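The report below goes through selected helices, their packing and the salt bridges of one protein model. Please read it alongside the sequence and the coordinates.

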Amino acid sequence: MKLTIDDREVVCREGQTLLEAARGAGIAIPSLCDHRDLSPFAGCRICLVEIAGRRDFAPSCATPAEEGLVVFTRTPAVLALRKKILELILASHPYACLVCAEKATCDDLKSTIRKVGEVTGCVLCPVNGDCELQRVVDEVGLDRVDPPAVYRDREVRRDDPFFDRDDNLCILCGRCVRVCEEVRGAAVLSFVHRGGRTLVGTAFDRPLIDSGCRFCGACVDVCPTAALVERAARPLPRPERTAPAVCPFCGQGCVLDLGTRDGRVLTARPATVAPNEGQACVKGRFLVRGALAGEGRILGPRIRRNGHLVAATFEEALDAAAAGLAAAAPERRALVYPSQVPLEDAFLFLEFGHRALAAAAIEASPAAAIWQRLDALGSERGIRIPTTGRLAEIRAARTVLAWDVDLPSDHPIAWLEVVRAVRAGARLVAAGRVPAGPIGAGASPLELEGSLEEITRALSAGGPAVVLFDAAAASGPDGLETLERLWTAALRTGARLFPLGRTANGRGVHELERAFGRPPRERAGPGVREGLDAGAFDALLLAGPFEVGRSGPGFLVCLDTHWTANAERADVVLPAAAFAEAPGTWVNTEGRVRTYPPAALPPGAARPDRDVLAGLAARLGPPGLPARDDAEILREICRIVPALHGYDPEAARDGSFLLKDGQAPGRTPEGAAARPAAPAGRADVLRGYDPVAANRGYARLRRVR
């Protein structure tokens, strides 16, 4: 449709608001309550405009664009009204610095006094320079506030983990309330009281931790002021640059924008790209900096001498590690490597284990359980479940069956898509575990041992249906029967199956293992755990989370990022770079592939896994590992992994490349009609966090107080 804004012809889509139409044409209209992910609110009234032929001013954020409208955004009346409205907003907000005539000349002071606990002006504010209210004041051109100041004098709330709440800085834009309900499906926050006493709070003014909050940080990220601020980042200097990285804490593959300074990560915020689209969870939003720079990092190599771990040079540690590994016969060596490292490192671990170490047992930890079980299903039953699909397709479903899966904790981004689907009218059916919160409360329960007929009925309510499941559905002796039952019901109803992996690069590592000829675990021989219990291994190179137990090997090399019980008992400890400190390629649960350079520098003497493996291989002797750069390693991976054929990291920086499924259709289970799949109390904020399954020793992470 076409309309006119400020004497310019503007073309926009049906359903857009005047504010969206104007911004799409490069016409700036200031606003404080509007946000791209939220429904129109029209609360701040800063975005008022005039429309020819209409008597009243209209909030552009909530007024639909119409064919032929003539809109004016900067008439004298509009500009004067915006100033008056902004004055009223600032009357109950510390504003002295916002309208100070000298504010442009005091930049040297603004970065030196951010550690104060009480904000009385912008130079004391932790978001000074990154505050939407400051930008709106400048856009509107406000230089004085006539109404008398009314300071709320509310105590800053610090009784919850991770962030502070300062009602004195709140402008009641409602963004935090709306993102909690509309996007996260939690509805923990709400407006309380009335009139001049209105605040954003919780039911009965309880702490957030007692109100069902999952501390995803969405409210902090949408707040236009410093009313909500990350506590750990408050006293830190400002980042100088940002760099993208894939979050390592689950299989969703969220992209984080890491704010860095002098090679250190200071902040982590969700990037506005698929699959997370500006959202994160408590681990990705608040634990990354502590994981990289917190206590417990292994900063230098150690060698056990006279029963004690003592400092050594990296060369000395590599010599000792190689000598101890070489002393064991090849059939008595084992390797455990992490599934939460880039594909390039996982490839080198496998290559090192097979060629240089010639280990009898090589395992990834945590195991890519759901992908292994799906392989076993195909091998034993002849059934192939398609495993590639965008999580965003879930939002189009009319029926969502969550099968024995804790979506909010284990698969938070998939859960957000379920929230979108339910808010659009979809029916949520939960089998086994019912998600907490208002969305979960409306779920229809289904007995976990539901028969094929019950599952089919649940998926036949009309419209596209999806089934979400992870390794829990496939675990135990009846796991394959469960998967076959879900597959049969999906074929009968045209539902889409979405297997959800739990580990950051588990799916990519599984594809690598298949390329190396590793059989599914169901058909493999004794693994590392069984071998250790049987005393079959004399030497173990341990680089992934793994409980060695009392029956450990005679010689243990630990390559890790953090001190753990395994590192404390090791004979040689080698410090490894963490996820954001090395370049590499990641594959998420969708099969989405991304390659990023390092975002930060490894601390101390820590080195990327590939450098450590190269040093060990050289000391173990021929055949060693060929010298290759990262690009050459990735090309080799793409050559041997069919699902990665055609992947170009430069052309797929937007994350548009999905693994090629490449699986044979398999047989149709008996009785299934083959149809094409349709498109598709006190909260523990770290519930579902498994330190053993977390990335390489991050078990030492603690809640930030």
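## Basis of the description

Helices (H or I, at least four residues) and strands (E, at least two) are DSSP runs, numbered from the N terminus. The model is predicted, and local features therefore need pLDDT of at least 70 and side-chain atom pairs count only at pLDDT 80 or more, while totals for chains, interfaces and linings use all residues. Residues are numbered from 1 along each chain as its sequence is written, and side-chain values use heavy atoms, with hydrogens and water left out.

## Gly284 in helix H7

Gly284 lies in helix H7, which covers residues 282-286. With a relative accessibility of 2%, Gly284 counts as buried, where buried means under 20% relative accessible area, exposed over 50% and partly exposed in between (1.4 Å probe, protein chains only). Leaving aside residues up to four places away in sequence, Gly284 touches Cys247, Phe249, Leu256 and Ala268, a contact being heavy atoms within 4.5 Å.

The expected span of a helix is 1.5 Å times one less than its number of residues. Just after H10, Ala358 takes a positive phi of about 50 degrees.

For helix H21 (residues 609-620), the twelve residues should span 16 Å, and the end C-alpha atoms are 16 Å apart, in agreement. The buried residues of H21 are Asp609, Arg610, Val612, Leu613, Gly615, Leu616, Ala617 and Leu620. An α-helix has 3.6 residues a turn, so residues three or four places apart point the same way. Just after H21, Gly621 takes a positive phi of about 90 degrees.

## Packing around helix H11

The axes of helix H11 (residues 369-381) and helix H17 (residues 479-493) come within 10 Å and cross at roughly 85 degrees, the axes being lines fitted to C-alpha atoms over the stretch in contact, with angles that run from 0 to 180 degrees between N-to-C directions. H11 and H17 are therefore roughly perpendicular to each other, given that angles under 35 degrees count as roughly parallel, over 145 as roughly antiparallel, 65 to 115 as roughly perpendicular and the rest as oblique. On the H11 side the contact is made by Arg373, Leu374, Ala376, Leu377, Glu380 and Arg381, which meet Gly479, Leu480, Glu481, Leu483 and Glu484 in H17. These residues divide into five nonpolar, one polar and five charged, where Ala, Val, Leu, Ile, Met, Phe, Trp, Tyr, Cys and Pro count as nonpolar, Asp, Glu, Lys and Arg as charged, and the others, Gly among them, as polar.

With helix H18 (residues 506-515), the axis of H11 comes within 8 Å and crosses at roughly 45 degrees, which makes H11 oblique to H18. Here Trp371, Gln372 and Asp375 in H11 meet Gly506, Arg507, His510, Glu513 and Arg514 in H18, and the residues of this contact divide into one nonpolar, three polar and four charged.

## Salt bridges

A search of the whole structure finds 41 salt bridges, each being a side-chain nitrogen of Lys or Arg within 4 Å of a carboxyl oxygen of Asp or Glu. One of them joins the side chains of Glu315 and Arg619 at 2.4 Å, N to O. Because Glu315 lies in helix H9 (residues 314-327) and Arg619 in H21, the pair ties together parts that are 304 residues apart in sequence. Glu315 is partly exposed at 40% relative accessibility, and Arg619 is partly exposed at 31%.

Another salt bridge, between Asp404 and Arg433, has an N to O distance of 3.4 Å. Asp404 sits in the loop between strand S17 (399-403) and helix H12 (407-410), and Arg433 in the loop between strand S18 (427-431) and helix H14 (438-441), 29 residues apart. Asp404 counts as buried at 15% relative accessibility, whereas Arg433 is partly exposed at 30%.
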